[in-house]
Amino acid sequence: MKVIIDTSSLLSLVRYYLPFDQKTKLFDFIKSEFENGNLILIDAVYEECLYTTQGLVLKSLDYLNEKEFKKDFKLPIKTKDLLPPSTKKFYNLLNDNFRTPLARKLNEAEFEERKKEFLETADARMIILALIKKNEQEEIAIVTEETENGNDSKAFKKIPAICKILDIKVMTLPEILQIYQGIDIEFK
């Protein structure tokens, strides 16, 4: 299964798991998953990682900053110009099903501006890439620590709520670590 990882999950990984990974088994495993293409880092998430908590993710997973590593494994994946499959259907869902109650109170110009902003976010780009992979018959999941509920006054629903509508698998970091076979991580 291919996994597109969100900033929130990468942050949880480096904050709550790697400090206890004394034998670097988890660190090495995550690196190998990036290398074999099973763990996908998109450009928008990478950009968020540069600025979130003073670049903690990229300091901890230092190979993600190495020029040769990024070149060899084509990371991060460029998503700026991706278009969703069934584009018309996707935009209809965006206009109707992905909106929050707050977005329904906006006038048309305000909503169009919020929609444009949303489509530039890492959330939207991860979802579009997942749709493309799903359309290509690849088994795909998005790993995020977001929950369906609460929306911080945003115009669009959170990743899990949108993915539920689109039938895209969503997992948290603990859930994906549980299904990986052979990690055998020891925390001391």
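A helix is here a DSSP run of H or I with at least four residues, and helices are numbered from the N terminus. The structure is a predicted model.

**Exercise 1.** Determine which helices supply at least two residues each to the lining of the largest pocket, and describe that lining.

*Solution.* 
Step 1. The largest pocket has a volume of about 320 Å³.
Step 2. Its lining consists of 19 residues, and those closest to the pocket centre are F118, T121, D123, K154 and F156.
Step 3. The helices that each contribute at least two residues are α1 (7-17), α8 (108-119) and α9. Helix α8 provides the largest share, namely 3 residues.
Step 4. Sorted by class, the lining of the largest pocket holds 4 nonpolar, 5 polar and 10 charged residues.

**Exercise 2.** Describe how helix α9 and helix α10 pack, and classify the angle between them.

*Solution.* 
Step 1. Helix α9 spans residues 122-135 and helix α10 spans residues 159-166. Their axes lie 11 Å apart, at an angle of about 25°.
Step 2. Angles under 35 degrees count as roughly parallel. Therefore α9 is roughly parallel to α10.
Step 3. The crossing of α9 and α10 is right-handed.
Step 4. On the side of α9, the contact is formed by D123, M126, I127, L131 and K134. On the side of α10, the contact residues are I159, I162, C163 and L166.
Step 5. By class, this contact of α9 with α10 comprises 7 nonpolar and 2 charged residues, with no polar ones.

**Exercise 3.** Describe how α6 and α8 cross, and identify the residues that meet.

*Solution.* 
Step 1. The axes of α6 and α8 come within 11 Å, and the crossing angle is roughly 120°.
Step 2. The range for roughly perpendicular is 65 to 115 degrees, and roughly antiparallel requires over 145. The two helices α6 and α8 are therefore oblique to each other.
Step 3. The crossing of α6 and α8 is right-handed.
Step 4. From α6, the residues F90, Y91, L94 and N95 take part, and they meet F111, K115, F118 and L119 of α8.
Step 5. The contact of α6 with α8 includes 6 nonpolar residues, 1 polar residue and 1 charged residue.

**Exercise 4.** Which residues line the second largest pocket, and which elements give two or more of them?

*Solution.* 
Step 1. The second largest pocket contains about 210 Å³ of space.
Step 2. Its lining is made up of P85, S86, K89, F90, L93, L131, K134, N135, I165 and L166.
Step 3. Two or more of these residues come from each of α6 (87-96), α9 and α10.
Step 4. In this lining, 6 residues are nonpolar, 2 are polar and 2 are charged.

**Exercise 5.** State how many cavities of 30 Å³ or more a search of the whole structure finds, and characterise the largest cavity.

*Solution.* 
Step 1. The search finds 1 cavity of 30 Å³ or more. The volume of the largest cavity is about 80 Å³.
Step 2. The residues that line the largest cavity are V3, I5, L10, L13, I30, L39, V143, L173, I176, L177 and Y180.
Step 3. At least two lining residues come from each of β1 (2-5), α1 and α11 (173-179). Helix α11 gives the most, with 3 residues.
Step 4. The class count for the lining of the largest cavity is 11 nonpolar, no polar and no charged residues.

Conventions. Residues are numbered from 1 along each chain as its sequence is written. This is a predicted model: local features need pLDDT of at least 70, side-chain atom pairs count only at pLDDT 80 or more; totals for chains, interfaces and linings use all residues. Side-chain values use heavy atoms; hydrogens and water are left out. Axes are lines fitted to C-alpha atoms, for helices over the stretch in contact, and angles run from 0 to 180 degrees between N-to-C directions. A crossing is left-handed if the near helix is turned anticlockwise from the far one by less than a right angle, and right-handed if clockwise. Contact means heavy atoms within 4.5 Å. Ala, Val, Leu, Ile, Met, Phe, Trp, Tyr, Cys and Pro count as nonpolar, Asp, Glu, Lys and Arg as charged, and the others, Gly among them, as polar. On a 1 Å grid over the protein atoms alone, a cavity is a set of points where a 1.4 Å probe fits but cannot get out, and a pocket is an open set with protein on both sides within 12 Å along at least five of seven lines; lining residues have an atom within 4 Å of a point. Grid points are joined across faces, edges and corners, and a volume is the space filled by probe spheres set on the points.
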